[in-house]
Each structure stands twice: as structure tokens, then as C-alpha cells.
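Please look over the sequence and the model below before reading on. The paragraphs that follow lead through selected parts of it, one chain after the other.

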Amino acid sequence: MPNDKIKHIVVLMMENRSFDHLLGLLKTEIPDVRGVLGNDYFNQTTAGATMPVTDGALYQGQYIMDPGHDFTDVYMQMYGVPFGTPATQPNMSGFAQSYEQQGGNPADIMRCFQPSQLPALSGLARQYVICDQWFSSVPGPTLPNRAFAHFGTSFGRLDMSPDYFRSKPSIYQRMTKANKRGMIYYYATWSGTLGLTFLLSDQKRYFGLWGDFQKACSNNSLPDYSFVEPAYCDHAGVDANDQHPDHSVQAGDSFLQAVYEAIRSNDQTWQSTLLLVVWDEHGGIFDHEIPPMVSHVDGFTSTAPPFAFDRLGVRVPALVISPYVPAGIVDHTVYEHASIPAPVTEQFLGPPITSSPYAREQYANTFLHLLTVDQPRMERPNFGAATPRAAAAMAAKPQIQPKSQAGTPVSALLSNQVQEVYDLLSRNHPQQARDLHPSSVKTEQDASQFIGKAMATIHPEAAQAEGKGKG
Amino acid sequence: MRMKCGILLIAFAACLSASGTHAQTPAGIPDKAEECDKRAAQEKVAWAKSGPHDWVASDFNKQRVETGQTWCHIWATNGYDRVHKGEDFGRVFLTGDGLHPTLGSIVPGSGLAGGLALNLDYAAKSHPVRFSGAVEARGSVNGFWEAGGTLNLLGSGKRLDDRHINVTLSAIHRELPQLTFFGLGNESSLANQSLFGLSDTTVGASGSIPLPKNFQILAGIEGLWAGPQAFHGSTIPSIEQIFTPANTPALNTSTGYFVYGAGIDWKYPLEECLQCWYKTDASAVFRSYVEGTGAPYSFRRFDVTWIQAFNLFPQARVDLGTFSITGRLLASFTSTGNQVPFYLQPTLGGTDINNVDVLRSYRDYRFRTPNALDFQAEYTHKIVDPLGLLLFYDVGKVALARSDLDISHMKHSFGVGFTLRAGNSVLFKLYYAWGGPEGSHTTYTGNTNNFAADSNLRGVF
């Protein structure tokens with residue numbers, strides 16, 4: 001359902017990092033996150049050496065060899081066998097071998113960031129909603145995945161040839177047709193925009209730059225829908241901040257904060273905006289969640305390689321940020337990039353089932369249901385940044401060891417989260433709330449169970465999604 | 001896949017490696033283009049299977065595969081699409097990581113030049129520094145050549161505004177055997193046209209440090225060695241046949257300098273925006289040239305540039321083009337007994353030795369003195385991508401004495417031209433200019449390194 005408080009939807013799409021890689025270790029402080037603890041998942045190299053998932057991800061210099069993420073690469077990563085070898089069920093076992101084949105260090109592909117290394121991402125994750133079941137739409141590279149974000153489909157394409165989008169109805173043109181405004185803000189003319197270049201012939205209608213976005217935020221003149229693109233390359237003292245390997249992840253974390261701060265620069269803008277931060281695809285980097293089957297295929301299929309677009313790609317990080325979402329919630333709803341135009345359609349154009357042109361968007365889960373808070377939240381996240389020196393030291397720490405969380409006393413943060421979830425449940429489902437008692441939560445295991453039960457009521461689809469994800 | 005930049009930011013791998021029979025053909029792309037993608041995917045898989053490979057080898061292989069793929073795309077498409085496919089091919093073939101051919105000019109008068117550039121990027125693991133380097137050499141049909149290398153170090157520590165310290169180390173040598181010289185001053189005569197050769201070598205470092213309020217500090221040090229030579233391979237006289245050291249400082253003298261300097265740059269607004277109606281870029285730099293052998297040619301130079309661009313009616317739906325005004329002041333200072341060597345003096349007329357256009361209706365290097373002042377007004381408008389229209393009006397003068405730097409008796413030029421843009425940068429420029437008593441001047445400039453857009457000007461030159 002459209003939300004009358006929301007006048008603007010902003011999407012920031014970053015590049016090529018998996019959920020476990022950026023947000024997985026948040027599980028160590030928020031057990032409800034379907035992330036990793038370290039050494040709890042592993043891949044094997046060609047020689048049979050075990051490569052566990054660990055911390056130790058570095059801001060840059062770790063992926064000088066860009067990890068493969070074309071369809072054939074992702075097939076290997078998901079199924080553990082080379083493309084062309086029949087396999088029925090993904091087991092996420094081929095990341096290390098895939099990277100090894102390219103000449104990369106297979107241990108690096110399993111590395112994750114400590115939350116303290118990414119103060120902006122972690123700070124926002126703690127303060128707003130983590131979507132831990134957001135999958136790339138296609139087990140493949142950038143452009144078809146971005147096509148889903150702009151069109152709700154990739155028209156049966158899995159490759160990086162950009163021309164196939166030409167003359168198709170993107171969400172921007174659909175917005176224009178309905179007298180709404182949808183714009184792409186790319187970072188700078190030297191950085192460029194990805195995929196929608198055919199719209200550049202109508203530059204002023206559909207495009208702005210980072211400076212235009214900042215100005216629109218501070219003037220409270222954002223269009224109805226904004227899609228923000230980071231800088232895709234270094235330029236004259238500015239780092240590429242898209243986080244594509246081997247660009248600086250720290251620069252991307254700063255840009256994420258800058259986007260948030262731009263929206264916060266005007267209270268009216270903040271109080272009427274919903275921001276989604278999401279990555280286009282995993283970039284060949286390990287994630288443990290098995291991508292689920294697609295519930296409603298859209299009829300487009302690929303002939304070469306044969307693919308029916310019936311399974312999602314590898315999981316990516318995603319945050320929903322708004323003054324109207326509760327703090328610290330982990331949403332287990334299954335999303336994919338068709339879930340980007342779908343809520344835009346839902347909010348501004350009409351129900352996706354009738355107003356979206358393609359089936360994947362028509363049936364995609366939207367995230368507007370997360371807007372459950374009545375009064376706008378004005379508190380700010382804690383962006384207490386780890387200094388580069390501290391981050392380097394962190395990266396050099398010994399690998400973390402798995403440990404049981406069961407008996408660990410609940411942290412203040414988690415206790416707060418339990419209370420917030422309970423408040424949400426009490427507001428929306430008072431009947432079910434009677435059976436839960438936040439005061440009884442003493443350990444992290446208690447908290448995990450409490451939040452799990454509450455969320456199963458608040459978001460019943462999340463439970464279904466979990467079932468699918470494990471399928 | 002590592003992304004390339006430019007207004008058409010496109011990556012070029014495909015993952016099509018097998019064929020099926022049951023599914024529909026995706027709309028919107030010719031079958032031939034799919035064949036190109038399939039072949040590229042097969043080559044990519046074959047490379048991965050033959051690994052492991054080091055990252056440099058992988059970069060070279062990627063360049064090879066993508067070059068073939070984009071070349072194939074040109075012939076797989078028709079009509080206007082071919083223009084864009086040609087741009088894609090140019091970007092892959094001529095820029096980016098790896099070894100590339102380069103094409104363009106060296107300086108005005110060099111004629112068409114070609115060469116090779118090797119570009120590589122690297123990011124440090126343990127320090128917040130990103131490196132990009134290039135080595136390049138090119139030679140021209142008229143016997144000019146240049147070779148050099150640059151290494152750019154870009155800070156990558158945490159900054160909310162993503163502005164970082166930027167340092168460039170460079171070493172460049174040029175052999176420019178026939179440059180024109182007409183004598184010094186505004187009143188030099190066309191009849192005194194002569195030729196001289198110039199060898200120069202620079203080795204140094206320059207950098208910028210971001211400051212608040214959109215300012216940044218500029219600083220640099222370098223060693224500069226330069227020497228003129230006679231040129232007798234033409235019907236035009238060599239320089240020493242017309243001029244003497246008395247009227248042409250350092251006519252027969254090579255010089256070696258330690259150069260150091262600093263300045264400040266200001267941009268407003270800092271972030272690029274399409275809907276801003278103006279943009280300002282101003283800089284002021286002071287440099288000291290200390291002659292190292294004791295010859296009386298030490299000097300100091302003050303260089304001010306102000307560029308004011310106006311985006312015409314930014315809110316209009318139709319692109320109405322950009323109007324810009326540029327002002328440049330270059331003033332030299334010498335101690336008693338010292339002079340500025342003629343070959344290190346700025347020039348107005350046509351295009352200068354740094355490939356900057358000034359007083360375009362006049363011959364290249366037409367007016368030369370230690371001091372210069374010029375203003376330009378330009379209007380640029382996209383006709384049909386990538387072709388653009390250029391209208392311009394230039395005024396300027398040179399001055400033997402700084403006190404003569406004023407706006408009286410300025411020479412002027414106006415003209416029309418066309419630009420061929422690749423992404424956001426001008427790949428090729430052709431213009432016709434007239435105005436003043438010396439007739440008209442038609443010229444072109446180009447550089448395939450600009451295919452990478454001004455973001456990642458690759459190669460060295």
C-alpha cells in the first residue's frame with residue numbers, strides 16, 4: 001500500500017559486494033542477522049584445502065584480480081562445479097575455486113568486514129532495517145542486474161551488452177508518463193552512468209549529478225524517485241566510491257554516509273523520504289545463503305547460455321532507511337532487484353500487479369510495509385568511525401574463532417532491539433504480543449528466539465522466505 | 001569486471017557460451033552481436049581454465065578479448081548504433097589497463113603522431129593509497145617524439161567528501177625539431193618566421209591538498225633541462241640566421257632548472273551538477289625557476305587562470321549549450337641581469353606548446369614574450385552525439401614588460417569549429433578562425449588518450 005508520508009523514494013545502488021562480506025559479521029552482535037560468525041562456512045580449493053569464512057577483509061588491494069561474476073563464474077560459485085556440468089541444487093561451494101582459477105588468492109574471497117571497519121554501513125544497519133534476504137536478480141554481472149532495478153526485468157539477457165535496454169519502458173519513462181518525476185543522479189560527468197545511456201539524449205529530464213542531488217535534498221526538491229550512482233572511477237583527487245573490487249570500500253562507506261547526510265540536510269526532505277541502499281550483485285565474493293527459486297518467472301529466457309531466470313543470484317546487502325522504520329529490525333522478506341521499481345510503482349503509479357509491465361516486478365515483494373512508525377524518528381546513527389590505523393590493525397587481527405552465542409548475556413543494544421520489536425508487535429499485533437515477555441530475555445539465545453517469534457508474526461512472509469532460502 | 005569510465009560507461013564481457021533451442025530469442029540485439037559475445041565468453045572461460053595467471057597477464061588478456069569483442073560489435077550493428085559501438089571499441093582499444101596504441105599530435109607543427117602507452121592500476125593493501133601509472137612514447141611524421149612516465153598516488157583514507165591528497169610523479173622527454181619563431185613581442189613580423197628545435201626533459205612531482213570551502217593547495221618541484229637547436233631542413237630559415245642572442249635570450253644556450261612552486265585552486269560549486277547555471281574554476285600559481293649552472297636565466301612566474309562557465313537555461317528541457325569565459329594572466333619576474341629564455345616564454349597564436357588554444361586566427365606560437373594576457377569566450381553545443389559545435393572569440397596580447405600587460409591594443413580572433421567528443425572529453429577538434437591582419441587559420445588537434453574521458457586521461461600525454 002502507498003504510504004502517504006513518503007513523497008520521495010531514493011535508491012543508492014553500489015557495486016559488487018556480497019551480504020556476508022559487508023554485513024555478515026553483524027551477526028556477532030545482532031544474532032537475528034542471517035550472517036556469519038567466522039569459520040562457520042567454508043569452501044575448498046582445487047587441491048582440497050579448506051578456506052573458511054573469516055574476517056580480515058581489506059578496504060582495497062585484496063582483489064587486484066577482479067573476482068569473476070559473469071553467469072559462468074557464478075554458476076561455478078553457486079553449484080561448485082564448472083559451468084556446463086549439470087547440477088540441480090546450489091551449495092555455495094565454488095567461490096574459492098572460481099577465484100583460484102582466475103589467479104586470485106582463494107582465502108581472500110571468503111573474507112568479511114568487521115562492522116567497526118564500516119562505520120556508516122554498520123551505523124545505519126543498527127539504526128534502520130537490514131534486509132538480509134535481498135538477492136541479486138540474476139546470477140550474473142552488473143548490467144542485467146541493474147536492468148532489473150530500472151525495468152523490472154533484463155529481457156532474457158545475462159550479459160554486459162548494454163543495447164538491449166534501448167526503447168524499453170524503464171521506471172523513469174513510466175513515471176514521466178504518469179506526470180511523476182524519476183531521475184538518475186550519477187556522480188559526475190567523468191564517472192558516467194551505467195546502462196541507461198540511451199536516456200542521455202533526454203539528459204535534463206532524466207539525469208542529474210551528485211551536486212544536483214545534494215542541492216535537491218537541501219532544497220526539499222527531490223523528484224518522486226531518485227536513483228543514485230556512485231563514482232565508478234578515480235578522478236583528480238576523488239576515489240572511486242562504488243566499492244567495486246578493487247575500489248576502496250572505505251570510500252564507498254563514506255559515500256553511503258554522504259548520501260544519508262544529504263537527505264538529513266533538510267528535515268522536510270528527511271521526513272518525506274525512504275532510502276534504499278543496495279548492491280547490484282555479489283562481485284564473485286562468498287555468501288552462504290542459497291539463492292531461492294523465483295516465484296513468478298516473467299517469460300524471458302536466455303538461449304545462450306540456457307537459463308530460464310527461475311533462480312535468483314547471490315545475496316547482496318540491503319538497508320531500508322527512513323524516519324518511519326523501526327530501529328534495528330532485521331527483515332527476512334525475500335527481495336530481488338525487481339523489488340526496486342515495484343515499490344516505486346506501488347507508491348506512485350498504482351498496484352504493481354496491474355501497473356508494472358513485467359511479471360517479476362508485478363510479483364516482487366515490496367518494502368513499504370516496513371514503514372510502521374507513526375512519528376518521524378529524528379535521532380541519528382552513531383557513525384563513530386574506526387580510524388584507518390585501527391581498521392588496518394583490525395584487518396591484521398587473528399581470524400575469529402566460532403563460539404557459541406547461546407549463553408552470552410544479552411547486550412544493551414540487543415536488549416533495546418528486543419524491546420523495540422516488542423513495541424512494534426504490541427502496536428500491530430496486540431493479541432500475539434501477550435504471549436511474549438521481553439523481560440524474560442537474558443541471553444543472546446533468548447533474544448534470538450524472541451525476535452524470531454515476533455518477526456514471524458510481524459512478517460509472516462519472512463518465515464516462508466526462510467523456508468525457501470533453505471530449500 | 002572492472003568498470004571503465006566515461007559518459008557511456010560500459011563493460012564488455014559476455015557470458016554466452018552455449019546455445020539452446022527451446023527459448024525465445026531476446027529482443028533488441030542482432031544475432032551477430034550475440035555471436036561476438038559468445039566468442040568472447042569462450043575465450044574468457046578458456047583463459048580462466050588455463051590459470052592461474054598473474055594480474056598483469058590477466059589485464060592484458062582482458063584487453064585482448066574485449067578489443068576483439070567490441071570490434072566485432074561494430075560490424076554486427078547498423079546505422080547510428082555503429083557510432084556508439086565505434087566509441088566502445090575506441091575506449092577499449094586505446095585506453096584502459098594494458099598496452100594500447102595512441103594517436104594524436106605532440107605539439108602544433110608535429111604532424112600526426114602515434115605510439116604506444118602502457119597503463120596499470122594498483123591499490124595498496126596496508127596503506128590508504130591508490131596508484132595509477134602509465135608509460136608512453138610517441139613519434140610523429142615530422143620527426144617529433146616524446147616519451148615519459150607518470151605515477152599518480154591518490155589518498156584513499158576516510159573522508160566524507162571523498163577529497164584526497166593527490167601526488168603525481170612524472171618524467172618526460174621531448175624532442176621537438178622544428179618549432180616556429182617570429183621574434184619577441186606583439187609587433188614581431190611574419191616575414192621573420194624561422195625554425196628552431198627544442199629538447200626538454202622534466203622530472204618532478206606535483207600534488208594537491210584539499211582544503212575547506214572548495215579550495216585546494218597546489219605544489220610541485222621538478223628538474224627541467226631544455227636546450228634549443230638550429231633547424232636547417234626547410235626553406236624557412238633557421239632561427240640563428242635571423243635572430244641573435246641580443247634580441248633572443250638564450251638563443252644558443254641550454255639551461256637546467258630546479259623549479260619549485262605552489263598555488264591555490266578554487267572551484268564552485270565543488271560537485272558537478274547539471275542544473276547549476278554556472279561553474280567557476282580559478283587558480284593562481286607561483287613558480288620559481290632557479291638556473292642550476294649559474295647562467296643568467298633564473299626567473300619567477302605567476303600564472304593566474306579563471307574559467308567561468310554558464311550552463312544556458314539549465315532548467316530547460318532542451319540542451320541550449322554552454323557559454324564560458326576564460327581569462328589567463330602569465331607574468332614573469334627576473335632579478336637584475338637575468339632573462340627568461342625565449343624557449344620558455346609563453347606564446348599566443350593558434351595553439352601553444354601545451355596544446356592550449358589562444359588567438360586562434362594567428363599562426364601557432366605567433367607572439368612570444370615573458371608575459372601574456374588573454375581572454376576567451378566560447379559557446380559549445382552538442383549537434384548530434386558525438387559531434388558538437390564550437391563558436392569562439394579570443395583576445396590577447398603579450399608584453400615584454402609586465403607594465404604593458406593591460407587590455408589596450410589587444411589582438412582578436414573569432415571562429416567556428418566542430419568537436420568530436422568521446423564521453424565527456426574532446427577527442428578531436430577542428431576549427432577555422434579569422435580576425436586580425438594576418439588572415440585565417442585552420443587547425444585540428446586530437447588525442448586518442450582522451451577516449452578514456454577526462455576522468456582517467458590515460459597514457460602520459
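This is a predicted model: local features need pLDDT of at least 70, side-chain atom pairs count only at pLDDT 80 or more; totals for chains, interfaces and linings use all residues.

Which residues of H11(A) are buried? They are A:Pro341, A:Ala342, A:Pro343, A:Val344, A:Thr345, A:Glu346, A:Gln347 and A:Phe348, where a residue is called buried if 20 or more other C-beta atoms lie within 10 Å of its own, exposed if 12 or fewer, and partly exposed in between, with C-beta atoms placed from the backbone. Because eight of the eight residues of helix H11 (residues 341-348) of chain A are buried, this helix is largely enclosed by the rest of the structure.

Residues are numbered from 1 along each chain as its sequence is written, while chains are lettered from A and ligands numbered from 1 in the order in which they are written. Helices (H or I, at least four residues) and strands (E, at least two) are DSSP runs, numbered from the N terminus.

The surroundings of H11(A) can now be named. Its buried residues pack against strand E1 (8-14), helix H6 (171-177), strand E8 (225-228), helix H12 (352-355) and helix H13 (359-363) of chain A, a contact being two residues whose C-beta atoms, placed from the backbone, lie within 7 Å. Just after H11(A), A:Gly350 takes a positive phi of about 140°.

Strands E1 and E8 of chain A also belong to an open sheet of eight strands, which has the order E7-E5-E8-E1-E9-E12-E4-E13 and mixed pairing; two strands pair if DSSP finds at least two bridges between them. Strand E7 (207-209) and strand E13 (329-331) of chain A stand at the edges with a single partner strand each, so one side of each is left without a neighbour in the sheet. Within the sheet, strand E5 (residues 182-186) of chain A runs parallel to E8(A) and is joined to it by four bridges, with A:Tyr185 opposite A:Val228.

The loop between E8 and H9 (249-264) of chain A holds both A:Gln243 and A:Asp246. Most residues other than glycine have a negative phi, and most peptide bonds are trans. A:Gln243, although not a glycine, has a positive phi of about 70°, and this residue is buried, with 29 other C-beta atoms within 10 Å. A cis peptide bond, with omega about 15°, joins A:Pro245 and A:Asp246.

Chain B has three helices and 19 strands. With 461 residues, a compact globule would have a radius of gyration near 23 Å, and the 24 Å of chain B agrees with this; the radius is taken over C-alpha atoms, and the globule rule is 2.2 Å times the number of residues to the power 0.38. Buried residues make up 41% of the 461 residues in chain B.

Among the strands of chain B, E8 (residues 215-230) and E9 (residues 255-268) pair in the antiparallel sense over twelve bridges, and B:Ala219 has B:Ala262 as its bridge partner in E9(B). Twelve bridges also join E9(B) to strand E10 (residues 278-291), again antiparallel, with B:Lys267 opposite B:Asp281. In the loop between E9 and E10 of chain B lies B:Pro269, which a cis peptide bond with omega about -10° joins to B:Tyr268.
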